[in-house]
Amino acid sequence: MGKVLETTACAGSVLGYFGIQGATWNNRTKKNVWADTLRRNGFAVRSRASKIKHGSTAGSIRNTLAKIATEESHIEAFVVRVPGHVLLMDRLGRTIVDTAPRKRDRRPVTGVWAIWDKELHA
């Protein structure tokens, strides 16, 4: 039996922002494969979690993301992972894709990835 891939709503919406239609969930490995899907479509996906304070929330990292983007001008957006969900924030730390939005986002951040087009910034 081969891989069975499905799309999760949050990761599928993040991919859609970058113009990618594709699977984001691998039923065999039980893993979300949105990062690999971005990579296969010409985007760089690099963690920036080490630049985020431990215990930060999705709402509290906005200024930090803007600072990172200022230092690294090639970054187009950030994928932010919170428990059971991913959302997309722009270079200024504003939420641009979130299928489960919050007025005050206190969800704990479990990962942050910078995204940029490898062709444009080789």
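Q: Starting with E72: buried or exposed?
A: E72 counts as buried, at 12% relative accessibility. Buried means under 20% relative accessible area, exposed means over 50%, and partly exposed is in between, using a 1.4 Å probe and protein chains only.

Q: What kind of model is this, and how are residues numbered?
A: This is a predicted model, in which local features need pLDDT of at least 70, side-chain atom pairs count only at pLDDT 80 or more, and totals for chains, interfaces and linings use all residues. Residues are numbered from 1 along each chain as its sequence is written, and side-chain values use heavy atoms, with hydrogens and water left out.

Q: Back to E72. Where is it?
A: E72 sits in the loop between α3 and β5. Helices are DSSP runs of H or I with at least four residues, strands are runs of E with at least two, and both are numbered from the N terminus.

Q: And what does E72 touch?
A: E72 touches R48, K51 and R91, not counting residues up to four places away in sequence. A contact means heavy atoms within 4.5 Å.

Q: Which of these pairs with E72 in a salt bridge?
A: R48 does. Its side chain meets that of E72 at 2.7 Å, N to O. The pair links distant parts of the chain: R48 is in the loop between β4 and α3, E72 is in the loop between α3 and β5, and they are 24 residues apart. A salt bridge here is a side-chain nitrogen of Lys or Arg within 4 Å of a carboxyl oxygen of Asp or Glu.

Q: Why can side chains pair like that?
A: Side chains of opposite charge can pair when their charged atoms come close.

Q: R48: buried or exposed?
A: R48 is buried, with a relative accessible area of 13%.

Q: What about K51?
A: K51 forms a salt bridge with E71, and the closest N and O atoms are 4.0 Å apart. E71 lies in helix α3 and K51 in the loop between β4 and α3, so this pair ties together parts that are 20 residues apart in sequence. K51 counts as partly exposed, at 40% relative accessibility.

Q: Which residues make up the network?
A: R48, K51, E71 and E72 are linked in a network of salt bridges.

Q: How many salt bridges does the structure hold?
A: The structure holds 7. One of them joins D105 and R107, with the closest N and O atoms 2.6 Å apart. D105 is buried at 7% relative accessibility. R107 is buried too, at 11%.

Q: How many charged side chains are there?
A: There are 21 positive and 10 negative side chains, and the centres of the two sets lie 7 Å apart. Lys and Arg count as positive and Asp and Glu as negative, while His and the chain ends are not counted. Each charge is placed at NZ of Lys, CZ of Arg, CG of Asp or CD of Glu.

Q: Switching topic. What's the overall fold pattern?
A: The protein has 3 helices and 8 strands. Along the sequence they run β-α-β-β-α-β-α-β-β-β-β. The radius of gyration is 14 Å, close to the 14 Å that the globule rule gives for 122 residues, so the protein is as compact as a globular protein of that length. The radius is taken over C-alpha atoms, and the rule is 2.2 Å times the number of residues to the power 0.38.

Q: How much of it is buried?
A: Buried residues make up 43% of the 122 residues.

Q: Which residues of α1 are buried?
A: In helix α1 (residues 9–17), they are C10, A11, G12, V14 and L15. They pack against β3 (31–32), α2 (34–40), β5 (77–82), β6 (85–89) and β7 (95–97). Just after α1, G19 takes a positive phi of about 80 degrees.

Q: What does A11 touch?
A: A11 touches T24, N32, W34 and V86, leaving out residues up to four places away in sequence. A11 has a relative accessible area of 1%. A11 and N32 are 21 residues apart in sequence and 8.1 Å apart in space, C-alpha to C-alpha.

Q: How far is A11 from H54?
A: They are 24 Å apart, C-alpha to C-alpha, and 43 residues apart in sequence. H54 is in the loop between β4 (43–47) and α3 (62–71). At 85% relative accessibility, H54 counts as exposed.
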